[in-house]
Amino acid sequence: MALYGNRGARWVMTERGAADTSQQRDVLQIGPSAMRWDKDRLIIDIEERDIRLGVPWRRKVKGQIILHPEIINDRAFKLDPAGRHHWRAIAPRSRIEVRMEQPDISWEGSGYLDSNHGSEAIEDGFQSWHWSRAHVGEEVAVTYEGKRRDGSHFASALRFDKTGKPCEEELPLVAPLPRTWWGMARQTRADRGLASVIKTWEDSPFYARTALSARIYGKSVVAIQESISLDRLINPAIQFMLPYKMPRDADKQSQAFHIPTPIFLHRD
């Protein structure tokens with residue numbers, strides 16, 4: 001969980017083992033935190049402790065997020081010819097309620113829910129990845145592109161209408177963006193190939209998350225953009241540093257495995 005803002009910012013990403021997780025049809029429990037479908041809404045209960053480099057004291061992060069999908073998409077997209085990786089925008093447009101106890105902040109706003117799944121690790125299938133999302137009137141525009149591990153490229157532009165139906169569109173022009181402080185390459189797609197950075201929320205050696213100003217399909221939008229370098233992720237130096245940012249809290253008798261469940265929250 002990444003909570004951004006001038007007040008109460010928190011960052012949590014704890015690895016847990018098989019003994020600390022359980023899954024049912026509508027519930028996923030990961031340590032003390034859980035998410036569950038309750039009729040037509042997704043309830044996420046957070047109970048974690050944050051991580052700050054160089055600060056051994058981990059503050060409690062506790063609260064609840066309720067996501068109300070406004071549109072639902074039931075179609076998943078294959079990202080490689082062999083079908084080892086799939087992506088699905090489950091709720092391209094949603095309404096969210098954020099009620100945090102620690103830190104003590106609350107708000108309501110717009111949200112988005114997607115999912116990736118595959119039969120191999122993402123770094124085995126890809127070298128790099130760029131993704132962006134923006135509300136375009138009542139519709140939602142999503143672009144994603146990258147470079148597979150075999151060197152081939154993939155790219156797609158989707159527009160989800162107000163019923164949630166995805167329509168594949170012609171790709172807008174590449175809009176280059178400045179590199180991050182860590183030198184991460186990032187880009188998006190926009191009309192006339194023009195977009196500007198409003199704020200960089202996440203700047204790490206292998207991942208960046210950015211708010212952008214752009215025009216897409218003739219409308220001015222604020223877009224959310226992500227870039228990841230899987231080549232950097234698997235670099236031994238980065239792997240050495242990861243435990244300092246992603247602590248492991250797992251039963252030593254069980255085989256630990258990665259269950260990344262990222263939740264990014266920001267206040268406009």
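1. Contact means heavy atoms within 4.5 Å. By this criterion, and not counting residues up to four places away in sequence, His-130 touches Thr-143, Tyr-144, Glu-145, Ala-185, Arg-186, Gln-187, Gln-225, Glu-226 and Ser-227.

2. The model is predicted: local features need pLDDT of at least 70, side-chain atom pairs count only at pLDDT 80 or more, and totals for chains, interfaces and linings use all residues. Residues are numbered from 1 along each chain as its sequence is written, and side-chain values use heavy atoms, with hydrogens and water left out.

3. His-130 lies in strand β11, residues 126-136 (strands are DSSP runs of E, at least two residues, numbered from the N terminus). His-130 has a relative accessible area of 13% and is therefore buried (under 20% relative accessible area, 1.4 Å probe, protein chains only).

4. The side chains of His-130 and Ser-227 are joined by a polar contact of 2.7 Å (a pair of N or O atoms within 3.5 Å, where one must be able to donate a hydrogen and the other to accept it).

5. Strand β11 pairs with β12 (residues 139-148) in the antiparallel sense over 10 bridges (pairing requires at least two DSSP bridges between two strands). Across this pair, Glu-145 is the bridge partner of His-130, and Val-140 that of His-135. Two residues separate the strands in the hairpin, where Gly-137 takes a positive phi near 65°.

6. Of the 10 residues of β12, eight are buried. On to β13 (residues 153-160), β12 is joined by eight bridges, again antiparallel.

7. An open, antiparallel sheet of seven strands has the order β14-β13-β12-β11-β19-β18-β17. Its edge strands, β14 (166-169) and β17 (195-203), each pair on one side only.

Definitions and conventions: Helix = DSSP H or I, 4+ residues; strand = E, 2+ residues; numbered from the N terminus. Buried < 20%, exposed > 50% of the residue type's maximum accessible area, 1.4 Å probe, protein only.
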